[in-house]
Amino acid sequence: MSEFDLICTGCGISIQTEEKDKPGYAPLNSVIEREYPVCQRCYRIKHYSDVAPVTLDNEGFQKILRDIGKRPALVVKVVDLFDFAGSWVKEINKYVGKNPIILVANKADLLPKVTNFERVEFWLKKEVEKQGVKVADIILISAKKRINIEFVKEAIDQRVGNKDVYVVGTANVGKSTLINGLLKLYGQEEGAEITTSRYPGTTLSTIRLDLPIHSGDLIDTPGIMTTHRLTDLVCSKSLRDITPDGYIDPKTYQLNDQQTLFLGGLARFDYVEGPKQGFTIYAANQLNVHRTKLERADELYANHLGTLLTPPCEHCPDVLRSLVPHRIKLKSGHPQDIVISGLGWITVRGMHYTDVVVHAPKGVEVHTRRALI
């Protein structure tokens, strides 16, 4: 704890006034003047969207989760609908024990307008069952647009009793934005909002808040950092290029075999064998998709990565400039998604046998699933 014994109301870290380059720094006058003191990093995120890099204590974050299972609690587990598998906290049962879980699927506003959300909820139930996790409720929301947050509040009110409520999830799934929305519904005054941003790792420690009309607290936890999503690897500029900021407008490409699609320069989809058919891409609308013949794909990538095929940009790490192939053979049957974690997915209608190769940077998870939409 610092000499002021103050906690940043934005990210939960202890405030200190001596070392500008260390987490938690804030000028002395700002600490004295503000009713809700924030560290300099949170101030710059809120007012300038400027995120200073910090060393994140992921092991410490996981210990916070493990401690939840040692006490009675209500757990609100937040996942990102746009990247469900990538944002799922693995072994969640080990962390939270037998405490009840409310599953909140955030960013529903990113799915296409024609989405059947009853089907999405059914899909979520099946995916959660596959993980061997029992949840008390499943609620689809948009924390950013404050859609359906009242249902989260109702679920908390019904189940919390005298327990604390822990909001958990991987980094950048929208936990803090959800909490800010809940605080407004509970009548929280302006000025005490938790810091939010599009960048992972904004919350640095637990933030304990009064839960009005209940005896327990509402607790924001730091997001568990992952390394298998493209959003974990790109620079802040390219992160804007691959992050949807509104409804996804899916794009369908009719391909013959021996054709290739580039998703920027971050992924490559080779249609190796099968009849002419449509492939639908769900990704950020601003992401460029480029079609070419398979026989020309290597040359195009070598000559135009970073120009025609971007992101990555010059600020991105080199690991993004070497793609690893993933061979996927799909039998005819039901529609399936080929997911590139952090980037989006490609839906195959399942009418025919289909042989494809997906290239993605080393470490980025590529997998198939039953079609979400």
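**Strand pairing, helix faces and a cavity**

In the predicted model, Arg 208 stands opposite Ile 219 in strand E6. Residues are numbered from 1 along each chain as its sequence is written. As the model is predicted, local features need pLDDT of at least 70 and side-chain atom pairs count only at pLDDT 80 or more, while totals for chains, interfaces and linings use all residues; side-chain values use heavy atoms, with hydrogens and water left out.

Strand E6 comprises residues 217-220 (strands are DSSP runs of E with at least two residues, helices are runs of H or I with at least four, and both are numbered from the N terminus). Strand E5 (residues 207-210) is joined to E6 by 4 bridges, and the two run antiparallel (strands pair if DSSP finds at least two bridges between them). The hairpin of E5 and E6 has 6 residues between the strands, and there Ile 213 takes a positive phi near 70 degrees. Strand E4 (residues 164-168) also pairs with E6, in the parallel sense and over 3 bridges. Within this pairing, Val 165 has Leu 218 of E6 as its bridge partner. In a regular strand the side chains alternate between the two faces of the sheet. Both faces of E6 are covered: Asp 217 and Ile 219 are buried on one side, and Leu 218 and Asp 220 on the other (buried means under 20% relative accessible area, exposed over 50%, partly exposed in between, with a 1.4 Å probe and protein chains only).

The loop between helix H8 (175-185) and E5 contains Gln 188. Gln 188 has a relative accessible area of 29%, which means that this residue is partly exposed. Although Gln 188 and Asp 210 are 22 residues apart along the chain, their C-alpha atoms are separated by 9.3 Å.

An open sheet is formed by 5 strands in the order E7-E10-E14-E13-E16, with antiparallel pairing. Its edge strands, E7 (251-255) and E16 (366-370), each pair on one side only. Between E13 (residues 336-340) and E14 (residues 344-348) there are 5 bridges in the antiparallel sense, and Trp 345 in E14 is the bridge partner of Val 339.

Two helices show buried faces. In H2 (residues 40-48), the residues Arg 41, Cys 42 and Ile 45 are buried. These lie on the same side of H2 because they cover an arc of only 100 degrees around the axis (the arc is that of the directions from the helix axis to the C-beta atoms). Ser 49 follows H2 and has a positive phi, near 50 degrees. In H11 (residues 294-304), the buried residues are Leu 294, Ala 297, Leu 300 and Tyr 301. Seen down the axis of H11, they fall within an arc of 100 degrees and therefore line one face of the helix. The face turned away from this buried side carries Glu 295, Asp 298, Glu 299, Ala 302 and Asn 303, which are exposed.

A search of the whole structure finds 2 cavities of 30 Å³ or more (a cavity is a set of points on a 1 Å grid over the protein atoms alone where a 1.4 Å probe fits but cannot get out, and lining residues have an atom within 4 Å of a point). The second largest cavity has a volume of about 40 Å³ (the space filled by probe spheres set on the points, which are joined across faces, edges and corners). Its lining consists of Asp 249, Lys 251, Ile 281, Ala 283, Ala 284, Leu 287 and Val 289. By class, this lining has 5 nonpolar, no polar and 2 charged residues (Ala, Val, Leu, Ile, Met, Phe, Trp, Tyr, Cys and Pro count as nonpolar, Asp, Glu, Lys and Arg as charged, and the others, Gly among them, as polar).

Methods: On a 1 Å grid over the protein atoms alone, a cavity is a set of points where a 1.4 Å probe fits but cannot get out, and a pocket is an open set with protein on both sides within 12 Å along at least five of seven lines; lining residues have an atom within 4 Å of a point.
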